[in-house]
Amino acid sequence: MVAVLLLTSLALAFGLALGFAAQRFRIEGDPVVDQVDALLPQTQCGQCSFAGCRPYAEAIVDNRADINQCPPGGEPTIRALADLLSREAKPLNPENGEEKPATVAVIDEDTCIGCTLCIQACPVDAIVGGPKQMHTVIARECTGCDLCLEPCPVDCIDMVVVKTGLAAWSWPKPDTTATNNKSAA
Amino acid sequence: MIKESPLAKSFHGGLKLNGHKLESTGGTLRSAPVPARLVLPLNQHAGRAAVPLVSAGDRVLGYQEIARPDGEISCALHAPTSATVLGVQRLPMPHPSGLMGDCLVLEPDGKNEFGNFLPAIDPDSLDLPTLLKRVSDAGIAGLGGAAFPTATKLAVAAATTGITLVINGAECEPYITCDDMLMREQSDQILLGAKIILDTLGAQRALVAIERDKLKALESMSAAIERLGDPRFQLEKIFTIYPAGGERQLIQVLSGKEVPAGKLPIDIGYLCQNVATLVAIYRAVKDGQPLVSRITTVTGSGIAEPGNYLAMLGTPLETLAESAGGYTPGATRLIMGGPMMGIALPSDEVPVVKATNCVLVLQEDEVRASGDQMPCIRCGECEQICPAQLQPQELYWHIRGNDLAGADELNLSACIECGCCDFVCPSHIPLSQYYRFAKSQVRLLDARRVQSDIARQRFEDRKERLDAEAARRKERLEEKRKKRASRENTPKAIKGEIDAILARTRGKVADSDEGGETR
C-alpha cells in the first residue's frame with residue numbers, strides 16, 4: 001500500500017514538474033529545422049521541389065525529403081546535412097538538377113517592358129522597378145535562383161555566371177592520386 | 001644590455017635550417033633603376049582593394065596619392081616618382097593564383113619630381129590620432145610579408161595600455177636578408193620609428209629581437225640603442241630557429257607566454273612590428289614621405305649577383321633580376337618570399353609590391369619534384385616540429401577526406417603555414433598546401449554563409465510583407481462585408497441611399513460639364 005502511494009505521488013510530482021517545465025521552457029518552432037535551414041544556401045529556388053529553403057528544411061526533418069535535393073548547395077551542403085543529422089552522405093539527386101557555378105540575373109534594359117512580373121517572382125526582392133518602368137537586378141542580393149526567367153513575357157533576363165576574382169580564389173587541393181595508387185598497391 | 005634569451009628553445013618544434021644568408025649580404029644596399037613602367041596592383045595589401053584617384057593621361061608627381069583606401073582594412077597607394085598615368089589595366093599579380101588583377105600603370109617621365117603632399121610632423125609633438133591618420137595616409141602596410149594595414153593594427157593596439165613593443169629583426173626564413181641589411185644601415189631610423197610608437201601608444205618598453213648569428217645587425221642596433229639612450233629599449237639576442245621570426249613564436253621566445261589560438265598578440269599585451277615598417281612610419285612622420293619603395297632581397301643560385309635592392313613599388317621583378325646581374329643558366333624557379341613560405345610565380349613580369357621581401361630564383365635540382373609523394377606512414381615527425389603545436393598528420397587526413405569541420409576542430413586556423421611539416425615529412429606530402437587549401441575553403445564557405453544569411457533575411461522580410469498585405473486586404477473585405485450586413489434593408493432606406501448616390505453623381509456630372517465649358 002505504501003509502495004503504491006509512494007509511486008503514485010512520485011508520478012504525480014514528476015508529472016507536475018514536467019508539465020511545468022514544458023510550459024516554462026517552451027521553445028517556439030523546431031530548433032532542428034532552424035539548424036537545417038541554416039545549412040541551406042537560401043537561394044529559395046525551389047529546385048528541391050519545395051517552396052523555398054525553409055519548407056525543404058521542414059520536409060527533411062519530417063523525413064518527407066532526402067538530404068540530396070539541393071543543387072545550389074551541392075556536395076558541401078549535403079555533407080553538412082549528413083553531419084548534422086547523422087545520416088550517410090550521398091550524391092546529389094539528378095532529378096533536382098545539377099551543381100552549377102553561381103549565377104546572377106541580368107535584365108536587358110532595352111528589351112524590358114516594365115511588366116513587374118519578375119519583381120513579383122523574385123523571392124528575395126532583388127529586382128527593383130515600377131509598372132511600365134525599366135527594371136533592374138540588385139546583383140549583390142540576387143541568389144541566382146532562375147525564378148524570374150519563367151514569368152518574363154519578353155525573355156529579357158539572362159543568367160550570367162558570377163565573375164570570380166581573387167576573393168573567390170582558393171588554393172587548389174594537392175593531387176592525392178599519387179598516394180592513392182601507392183597505398184592501394 | 002644584450003641578453004641571451006633564457007631558454008634554448010622556447011617554442012615547440014621549429015627547425016635549424018641552412019640560412020643561405022651570406023650570398024646576399026656581401027655588398028651594400030643598392031638602388032634598383034627606375035623602370036620604364038611601374039605596375040601598382042590596387043590590392044597589394046591584406047583587405048579591400050584601393051580605389052584609384054587618377055585616370056589615364058593624368059600627370060602625377062612623386063608621393064602623390066593615386067589610390068585611396070576602401071574601408072577600414074585597406075591601404076592607400078602613392079606614385080613612387082613623377083609619371084604619366086597609363087590607366088588601370090588587368091595584369092598578372094604576384095599572387096599564387098596567377099590571376100589577373102586591376103593595376104595602376106604609370107610611365108615615369110624621368111624628371112623625378114616630388115610633391116610635398118604630407119607636411120612633416122615633429123615626432124615629439126605627435127598624438128595618437130595624428131599618428132594613425134599619418135600612417136594611413138602614407139599607405140603603410142606590414143613590410144614583413146603579410147602586408148596588413150599598419151594603421152589598423154596600431155588602432156587596435158591603442159586600446160590596450162601598458163603594451164610591450166616587439167621590434168622584429170628576427171628574419172628567420174632562409175635566403176631573406178632585407179631586414180638584416182636595414183638594421184645594418186638604418187638602425188637609428190628603426191629606433192626612432194619605434195620611439196614614435198612607444199610615445200604615442202604609451203607603451204612601456206621595446207624589445208629589439210635579433211637572431212644571434214646576425215652579428216653585424218646586432219652590433220649596429222646595439223650602438224644605435226646606446227646613442228638613443230632611451231632606457232625603454234632593450235636588445236634581445238635570440239636563438240636561430242625557424243620560425244622564430246613568426247609573430248607568435250617570437251613573443252613566446254621573448255616572454256615565455258603563448259598567444260592563445262584565435263587571439264591576437266595584443267590580447268596578451270604585445271605589439272609586433274617589423275623593422276622596415278618602423279622605418280616607413282618614421283619617414284612618414286618626419287619627412288612626410290609615403291610608402292613608395294621597399295628593400296627587396298634578390299638572391300638564390302639562379303641570380304648572378306645576389307644582393308639587396310631598394311626598389312620602387314611597381315618595379316617588375318625582371319628589372320630587379322637584371323640589376324642583380326641577370327639569371328644564371330640553370331635558373332628555373334621564381335619565388336616571391338623565402339623557400340619555406342614563399343609563393344611560386346609564373347612570370348617575372350609581376351611587380352614588386354609592399355609584401356615583396358625577397359625574390360628567390362632557384363635552379364632545377366634545388367626544387368623538390370611534386371610528383372614524388374608517398375603515403376603517410378604516421379611517423380609523427382610533423383607533430384614534433386610544428387611550432388603551432390598542431391597535429392599536422394591528423395589535419396591532413398581530415399582535409400584529404402574533405403572534412404573541413406573536423407580540421408577546424410583541430411585548430412586549422414592556428415596553422416601559420418610555416419612549412420616545417422613539409423620539410424620533415426619523409427613521404428614528401430605537401431602538407432602546408434593542404435592547410436592552405438582548407439583555409440581558403442573555410443573562408444569561402446564562411447563568405448557563402450554570410451551571403452545566405454542575407455538572402456534568408458530578405459526572403460523572410462518579403463514573406464512578412466506579403467502576409468501583412470494579405471491580412472490588410474482580408475481586413476478591408478471583412479469591413480465591407482460587415483457594413484453591408486449592418487445596412488437597413490427596408491425599401492425606404494434603400495431608396496434614400498440611391499437618392500444620395502444620385503445626388504452625388506449628378507453634382508459630379510455638373511462639375512465635369514462646367515469643366516468642359518471652360519476648356
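Residues are numbered from 1 along each chain as its sequence is written, while chains are lettered from A and ligands numbered from 1 in the order in which they are written. Since the model is predicted, local features need pLDDT of at least 70 and side-chain atom pairs count only at pLDDT 80 or more, whereas totals for chains, interfaces and linings use all residues.

**Chain B as a whole**

Select chain B and view it along its principal axes, where its C-alpha atoms fill a box of roughly 115 × 60 × 50 Å. The radius of gyration of chain B is 32 Å, whereas a compact globule of 519 residues would have one near 24 Å (the radius is taken over C-alpha atoms, and the globule rule is 2.2 Å times the number of residues to the power 0.38). Colouring by secondary structure brings up 14 helices and 18 strands in chain B; helices (H or I, at least four residues) and strands (E, at least two) are DSSP runs, numbered from the N terminus.

**The six-stranded sheet**

Next, select the open sheet of chain B whose six strands follow the order β2-β15-β14-β18-β16-β17, with mixed pairing; two strands pair if DSSP finds at least two bridges between them. At its edges are β2 (30–31) and β17 (343–344) of chain B, each of which pairs on one side only. Two bridges link β2(B) in the parallel sense to β15 (residues 307–312) of chain B, and here B:Ser31 stands opposite B:Leu310 of β15(B).

**A helix across the sheet**

Axes are lines fitted to C-alpha atoms, for helices over the stretch in contact, and angles run from 0 to 180 degrees between N-to-C directions.

Then show helix α7 (residues 275–286) of chain B, which packs with α3(B) at an angle of about 50°, their axes being 9 Å apart. The two helices α3(B) and α7(B) are therefore oblique to each other, given that angles under 35 degrees count as roughly parallel, over 145 as roughly antiparallel, 65 to 115 as roughly perpendicular and the rest as oblique. On the α3(B) side the contact is made by B:Cys178, B:Asp179, B:Leu182 and B:Met183, and on the α7(B) side by B:Val275, B:Ala276 and B:Val279 (residues are in contact if their C-beta atoms, placed from the backbone, lie within 7 Å).

**The four-stranded sheet**

A further selection in chain B is an open sheet of four strands in the order β3-β9-β8-β5, with antiparallel pairing. Its edge strands are β3 (38–41) and β5 (59–60) of chain B. Four bridges join β3(B) to the antiparallel strand β9 (residues 100–108) of chain B, and B:Leu40 stands opposite B:Leu104 in β9(B).

**Two domains**

Colour chain B by domain 1 (3–31 + 122–291) and domain 2 (379–439), with bounds that come from an automatic or database domain assignment. The centres of these domains of chain B, taken over C-alpha atoms, are separated by 28 Å, and the contact takes eleven residues from domain 1 and twelve residues from domain 2.

**Where the chains meet**

Terms used. Two residues are in contact if their C-beta atoms, placed from the backbone, lie within 7 Å.
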